[in-house]
Amino acid sequence: MRKPLKIKRGLNLNLSGGAVRPASCSELAVAEPESVVLVPDDFNGLTPKMDVREGDHVDCGDALWHDKVCTEIRVVSPVSGTVKCVVRGERRKVLAVEVVPDKGAPVVSKPGAAPKDAKSLKSALMTQGVWAQMRQLPFATVPVADAEPRDIFVTTWDAAPLAPDMSLSMEGCDALLEAGVAALKTLTKGDVYVGRKADGGVSDIAGAVMVDVDGGFPASLPSVLAANIKPVNKGETVWLLDGATLKRIGQVASGSGVDWSGPVAVTGSEVVTPHYVTAPAGASMRSLIGGGLRKQGHERVISGNVLTGVNVGENGYLRFPYTQVTVIPEGDDVDEFMGWASLSPGKMSESRSFPGHFLRKRLFRPDARLNGGRRAMILSGQYARYIPMDIMPEHLVKAILARDIDRMEALGIYEVTPADFAAAEYADASKLELQRIVGEGLDYMRQETV
């Protein structure tokens with residue numbers, strides 16, 4: 001079954017430094033990171049309890065930690081290697097786990113028995129680390145073990161700036177994708193919706209409702225897909241995931257080993273040669289970028305895209321769930337006449353006050369400067385132009401800041417994730433950190449209502 005969906009609200013940023021899609025994954029160079037790092041904070045909703053210590057040897061697919069509440073839910077090592085360190089912070093909170101891969105270490109876990117029913121499938125997804133890669137609404141957390149989703153929403157494309165072509169990781173995997181959809185259908189009484197780019201993307205997948213989406217960011221997010229097809233109400237649960245996770249679910253369902261590597265796009269104006277590379281989850285930035293930066297020390301290295309990604313630095317690591325690296329100028333060495341008020345046509349802006357607003361076809365090279373100061377929030381309806389959901393985003397943000405649970409519920413907090421507000425955060429004249437605010441609001445709601 002096919003379903004068209006046109007999203008009119010959103011954002012398209014034309015940035016320089018896009019990577020050219022290769023013809024196939026076989027053409028990609030393979031990164032060999034000196035270490036991989038996984039961060040528990042990337043798996044919101046899990047309370048980590050360590051399964052390894054420094055010096056332990058792990059095989060690909062072995063558990064690094066499990067959830068303290070549901071011990072079956074595990075986060076696994078994407079490579080075979082030695083645990084170099086377990087970084088802890090205040091009150092012994094686990095901040096990161098670093099694994100040094102063995103030379104020529106496999107990035108595919110050992111095959112297991114194919115699950116025979118929904119119960120064994122759930123258990124296999126949890127123990128093999130794939131469950132932790134899904135998210136649920138409400139609260140944008142790892143799905144609760146005993147929850148039955150009303151529907152499941154999958155995205156197979158990314159509309160973020162300089163985003164990688166997600167179909168590359170699913171190339172030649174039609175059977176695995178169909179197996180993944182069939183497996184998910186045993187876990188829900190509803191439908192499995194698969195969103196794809198309207199003008200080209202993955203082929204039809206048997207058993208799924210294919211949604212042809214046309215629109216700018218955040219139209220590709222599965223939460224936006226859910227909000228525009230079957231919004232989430234209080235008391236309901238839906239699952240969100242991407243195409244790479246769907247493929248891994250198919251691998252678990254078919255009893256084959258889970259492949260923890262995939263194509264990563266190295267993009268941005270400060271990369272000498274933007275490119276794709278095959279790398280495992282958590283790979284070091286140095287192994288992905290190499291020495292191919294324009295100005296050493298004056299770049300911002302982002303795991304992910306410029307709107308939702310994490311500033312990790314050149315010595316950082318690829319954070320979950322991103323398969324993209326973006327490098328832009330930091331802006332700390334810029335001495336610009338009139339500063340943020342400069343009317344240079346090279347300045348990218350959503351405001352009609354700047355000439356760059358009207359040069360839509362131009363490729364821009366923005367830096368990381370804030371360009372203005374934080375100020376009081378004005379109810380102008382600006383956020384609604386970038387958030388394609390039937391909510392009142394400015395009023396919702398105010399309710400979150402006030403920690404008004406009843407207002408948050410009435411204004412649709414159960415439908416949203418922090419990434420839904422990324423485009424609005426970029427265009428926000430008040431310079432508010434909307435993604436952080438929404439994330440903290442969701443955590444507060446979960447603590448107070450669950």
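The second largest pocket of the predicted model has a volume of about 590 Å³. Of the 29 residues that line this pocket, Asp158, Ala159, Ala160, Ala163 and Lys197 are the closest to its centre. Two strands, strand 12 (192-197) and strand 13 (209-214), each contribute at least two residues to the lining of the second largest pocket. Classified by residue type, that lining comprises 15 nonpolar, eight polar and six charged residues.

Rolling a probe the size of a water molecule over the atoms shows where empty space is left. One cavity of 30 Å³ or more was found in a search of the whole structure, and the volume of the largest cavity is about 30 Å³. Its lining consists of Leu15, Ser16, Leu162, Gly268, Ser269, Ile328, Phe364, Arg365 and Pro366. By class, five of these lining residues are nonpolar, three are polar and one is charged.

Leu162, one of the residues that line the largest cavity, is located in the loop between strand 11 and helix 2. The phi angle of Leu162 is near 60°, a positive value in a residue other than glycine. Leu162 has a relative accessibility of 16% and therefore counts as buried, the cut-off being under 20%. Met166 is likewise placed in the loop between strand 11 (151-155) and helix 2 (174-185). With a relative accessible area of 18%, Met166 is buried. Beyond residues up to four places away in sequence, Met166 touches Thr155, Thr156, Trp157, Asp158, Asp242 and Gly243. Among these contacts is Asp158, which is also one of the residues closest to the centre of the second largest pocket. The C-alpha atoms of Met166 and Val450 are 34 Å apart in space, and the two residues are separated by 284 residues in sequence.

A further positive phi was found at Lys431, where the angle is near 60° in a residue other than glycine. Lys431 is situated in the loop between helix 8 (422-427) and helix 9 (434-449), and its relative accessibility of 18% places Lys431 in the buried class. Two cis peptide bonds are also described here, one joining Phe217 and Pro218 with omega of about 10°, the other running from Phe320 to Pro321 with omega near 5°. Pro218 belongs to the loop between strand 13 and helix 3 (222-229), whereas Pro321 belongs to the loop between strand 18 (310-311) and strand 19 (324-329). Most residues other than glycine have a negative phi, and most peptide bonds are trans.

Ser80 occupies the loop between strand 7 (74-76) and strand 8 (81-88). Its relative accessibility is 6%, so Ser80 counts as buried. The side chain of Ser80 reaches the backbone nitrogen of Cys60 at 2.9 Å. Excluding residues up to four places away in sequence, Ser80 is in contact with Val58, Asp59, Cys60, Val100, Pro101, Asp102, Ala105 and Pro106.

At the level of the whole chain, the secondary structure comprises nine helices and 19 strands. The radius of gyration of the protein chain is 21 Å, close to the 22 Å given by the globule rule for 450 residues, so the chain is as compact as a globular protein of that length. Along the principal axes, the C-alpha atoms fill a box of roughly 65 × 50 × 50 Å. Of the 450 residues in the protein chain, 53% are buried. Among contacts with a separation of 6 or more, 68% are between residues 24 or more positions apart.

Definitions and conventions: Residues numbered from 1 in each chain as written. Predicted model: local features only at pLDDT ≥ 70, side-chain atom pairs only at ≥ 80, totals over all residues. Heavy atoms only, no water. 1 Å grid on protein atoms, 1.4 Å probe; cavity = no way out; pocket = protein on both sides within 12 Å on 5 of 7 lines; lining within 4 Å. Points joined across faces, edges and corners; volume = space filled by probe spheres on them. Helix = DSSP H or I, 4+ residues; strand = E, 2+ residues; numbered from the N terminus. Nonpolar A, V, L, I, M, F, W, Y, C, P; charged D, E, K, R; others polar. Buried < 20%, exposed > 50% of the residue type's maximum accessible area, 1.4 Å probe, protein only. Polar contact = N/O pair within 3.5 Å; in protein donor to acceptor, adjacent residues only side chain to side chain. Contact = heavy atoms within 4.5 Å. Rg over C-alpha atoms; globule rule 2.2 N^0.38 Å.
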